[in-house]
Amino acid sequence: MMENMLFGRYVPAESLLHRMDPRSKLLIIFFFVCIIFIANNGITYAFIAIYTFIMLTMSRIPARFLYKGLKPVIWLVIFTFLLQLFFTQQGTLLYRLGPVKIYEEGLKQGLFISLRFLFLILMTSLLTLTTTPIEITDGLESLLNPLKKVRFPVHEMALMMSIALRFIPTLMEETDKIMKAQMARGVEFSSGPLKERIKAVVPLLIPLFVSAFKRAEELAVAMEARGYRGGEGRTKYRQLSWKTADSLQLLVLIALTVLLMLFRS
Amino acid sequence: MDISLSHVEYRYQAKTPFERIAIQDVSIDIPSGTYMALIGHTGSGKSTVLQHLNALLQPTKGIVKIGDREIKSRQKNKSLKPVRQKVGIVFQFPEHQLFEETVEKDIIFGPMNFGVSEEEARKRARLALKHVGLGEEILTKSPFDLSGGQMRRVAIAGVLAMEPEVIVLDEPTAGLDPRGRKEIMDMFYSLHKERGLSTILVTHSMEDAARYADQIVIMQQGMVIKKGTPEEIFSDPIDLMKMGLDVPEVVRFQLMLEEKIGTHLGQIYLSIEELSMAVASLVSGGVRS
Amino acid sequence: MKKNPIVSLDHVSFQYEGHEQYALNNVTFDIYEGEWLAIVGHNGSGKSTMAKLLNGLQFPQQGEITVCGIPLNETSIWDIRRRIGMVFQNPDNQFVGTTVEDDVAFGLENYGVPREEMVQRVQDSLHKVKMDQLLHQEPHHLSGGQKQRVAIAGVMALRPSIIILDEATSMLDPRGRAEVLDSIRTLKSEKSLTVISITHDLEEAAKADRIIVMNKGKVFQEGTPDVIFAMDEQLIQLGLDIPFSVKMAKALGKQGIKLSKYYLSEEELVTELWTYRSHM
């Protein structure tokens with residue numbers, strides 16, 4: 001089941017990106033997503049490409065992970081390219097075969113849009129590849145902290161996210177167990193007519209819900225027994241530390257923005 | 001129905017960076033009518049073996065034979081239902097699989113999936129309930145209103161009602177109190193004796209293995225490291241303990257006593273009665289010193 | 001040992017909503033400072049309800065519970081929960097943190113312990129349960145026994161005077177069970193910890209200082225393992241079992257071997273058989 005889910009999974013490694021503060025990484029990704037739209041010609045796209053390449057190299061994520069992760073989305077990128085290529089009819093005509101006409105603008109747009117798409121995917125997955133989900137949660141909690149003033153439940157939200165993260169593997173395991181148990185009782189999940197297959201989900205979902213509720217109840221009791229009574233007066237064990245590297249990375253991104261502004265057409 | 005595994009290997013998430021070998025070169029024969037105990041620590045691969053016994057997993061190497069069906073790697077296995085009907089599995093904490101509105105509906109769910117008529121399934125449900133020691137008044141209740149022990153029994157009844165020829169038990173008594181434990185184990189043993197039901201017990205408990213099984217297979221790190229009758233397996237308890245495995249209390253006690261007294265009793269005893277007789281004659285008469 | 005009651009139950013009764021029978025019916029007893037008390041009984045005998053009451057997760061309808069001299073009520077529970085640590089049955093459903101260290105820190109965070117001290121305490125308590133090598137490990141990579149040891153570390157980090165094990169070993173394999181009990185034994189020998197273990201494992205109870213047998217919401221019998229195991233067949237009727245050494249001693253008795261006491265641990269029994277033989 002997990003075989004196709006390599007995309008975006010955290011891959012432990014020793015790298016500058018892994019050690020960076022999740023807050024700076026979140027900010028960088030956020031700004032990157034914005035500034036990528038500034039690029040509109042060959043040279044600006046080259047800047048973006050160089051930046052992305054440097055970031056990927058710095059992450060020390062093995063290339064095969066990136067490749068395997070990209071495999072399912074690469075078709076989407078190619079599809080976007082072809083769509084632009086065939087349906088943009090501006091500029092000089094480059095090639096013609098029967099009804100198929102390829103224009104210069106189409107080629108350009110196709111390349112740019114699919115590249116933008118590719119870089120976005122690479123950079124956002126770089127965030128999840130180098131940052132554990134819990135670090136992302138911590139980063140978000142810290143970045144959203146000012147919202148506490150307007151009574152936004154930042155602590156509760158972060159706690160919910162971290163508990164959800166904690167229980168995802170447990171529930172996956174449980175799903176697998178219940179599926180096997182029902183298969184042993186003659187349920188077929190992956191063959192038979194569609195109607196039967198939909199019906200087969202009931203013996204899986206009900207036990208899963210029952211157990212999730214039981215877990216939630218027991219977890220609440222255990223948390224209470226360990227003195228949990230809301231965010232008030234709590235200290236935090238996990239600490240984020242903003243280092244020089246984080247500031248430098250942001251500066252690099254600002255420099256890139258300036259370059260893009262200067263060289264865009 | 002005979003089951004055999006020959007040179008079976010299984011890899012989880014094969015061909016991914018997360019690949020992991022769960023079992024390798026596992027060969028086990030389970031002739032019809034056997035009571036076999038499969039023993040090993042958590043992570044020894046015994047639950048992976050269990051899932052091969054009714055084709056829930058397909059080996060990545062080797063052959064699994066279930067009756068006259070052969071399950072091999074890399075082959076499309078269509079309609080495994082007949083296999084699954086003949087091999088019933090009681091998973092650990094089987095009460096987690098209950099889902100119907102009433103106990104009766106839940107028990108007949110399995111048999112009806114295998115094409116048994118509703119009328120026949122209901123008959124079987126009543127019989128199965130009797131086996132697990134519950135009354136018929138429970139049939140109309142919701143399984144979720146029962147006590148933990150009762151839920152366990154209903155889930156077991158659901159597997160029995162499939163009338164399998166082989167029954168596989170994965171720690172069927174985990175979490176039960178001593179009385180519940182004994183009742184369930186005795187029930188499976190009498191089913192095995194009376195109906196000649198092949199039984200495969202996956203367990204941590206050397207006590208249960210020594211008491212009920214006629215064949216024991218011990219697994220460690222994904223491989224079979226020992227197999228034989230209880231007498232053969234426990235004849236060299238020190239070897240077992242060296243491998244980090246438990247031995248039954250009787251055997252452990254015998255070893256302790258032999259060490260203290262400095263004599264050997266000559267053979268390993270697997271029941272308290274036999275051991276007490278041997279010890280009595282040793283300490284009071286010194287017949288065998 | 002001077003007997004100082006650290007927990008007292010005074011005519012305590014408790015009934016779950018919608019149930020006719022009392023889960024606990026007029027129960028009175030003391031738990032003494034520094035002892036290892038085993039509370040045994042079959043499933044549904046009221047022993048788990050007891051754990052919930054001691055920790056203020058439920059309140060009795062009648063009677064009073066005092067912990068460390070403080071009467072247990074809605075206002076004192078937070079103070080009391082800090083003194084009574086609790087380890088539950090299911091290893092998964094009490095693991096709150098995403099990693100081992102986070103989970104141990106959870107209780108400390110709740111009580112507002114400063115960060116520097118937290119780091120120290122997390123280290124120390126994980127070291128004591130031999131889990132300090134797995135600080136950053138995620139729960140789904142841990143065995144049941146390891147998770148329970150993390151739970152113990154989480155409790156011990158709050159430095160309680162009492163620890164309750166609510167069937168904490170019943171879902172573990174023999175190895176996990178041994179690991180958990182070893183950890184508790186080490187902790188107990190290092191400080192004046194009071195251990196209350198709620199269990200149906202009689203081998204575990206045999207190693208306690210004192211045993212309370214519960215049945216139908218009442219205290220059925222109370223005493224040292226000697227006294228309790230002398231109940232013999234009565235224990236089996238209550239849905240429990242007798243320890244191996246007692247079964248062995250009984251079987252030897254049938255063979256005409258007279259032993260000095262009714263209950264002997266396995267070691268004691270071996271020694272006694274050894275002396276028996278040398279006297280022949």
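1. Into which domains is chain A divided? In this predicted model, domain 1 of chain A comprises residues 2-131 + 242-263, and domain 2 comprises residues 146-225. The C-alpha centres of these two domains of chain A lie 34 Å apart.

2. In chain C, helix H5 covers residues 144-156, a run of 13 residues. From its first C-alpha to its last, H5 of chain C reaches 18 Å, which is close to the 18 Å expected at 1.5 Å a residue.

3. Helix H5 of chain C is largely enclosed by the rest of the structure, because 11 of its 13 residues are buried. The buried positions are C:Gly145, the stretch formed by C:Lys147, C:Gln148, C:Arg149, C:Val150, C:Ala151, C:Ile152, C:Ala153 and C:Gly154, and finally C:Val155 and C:Met156.

4. The packing partners of these buried residues belong to chain C. They are the strands E6 (84-87) and E7 (162-166), together with the helices H3 (100-110), H4 (115-128) and H6 (174-190).

5. The largest nonpolar core contains 86 residues, and C:Leu54 and C:Ile163 touch the most other members. Helix H5 of chain C supplies the largest share of this core, with 6 residues. Another core, of 49 residues, lies apart from it and includes B:Tyr35, B:Leu176, B:Ile233 and B:Phe234.

6. Which residues does C:Ile163 contact, leaving aside its neighbours within four places in sequence? Three of its partners, C:Ile152, C:Val155 and C:Met156, are also among the buried residues of H5 of chain C.

Conventions. Residues numbered from 1 in each chain as written. Chains lettered and ligands numbered in written order. Predicted model: local features only at pLDDT ≥ 70, side-chain atom pairs only at ≥ 80, totals over all residues. Heavy atoms only, no water. Helix = DSSP H or I, 4+ residues; strand = E, 2+ residues; numbered from the N terminus. Expected span 1.5 Å × (residues − 1). Buried < 20%, exposed > 50% of the residue type's maximum accessible area, 1.4 Å probe, protein only. Contact = heavy atoms within 4.5 Å. Core = buried A, V, L, I, M, F, W, Y, C linked by side-chain atoms within 4.5 Å. Domains from an automatic or database assignment.
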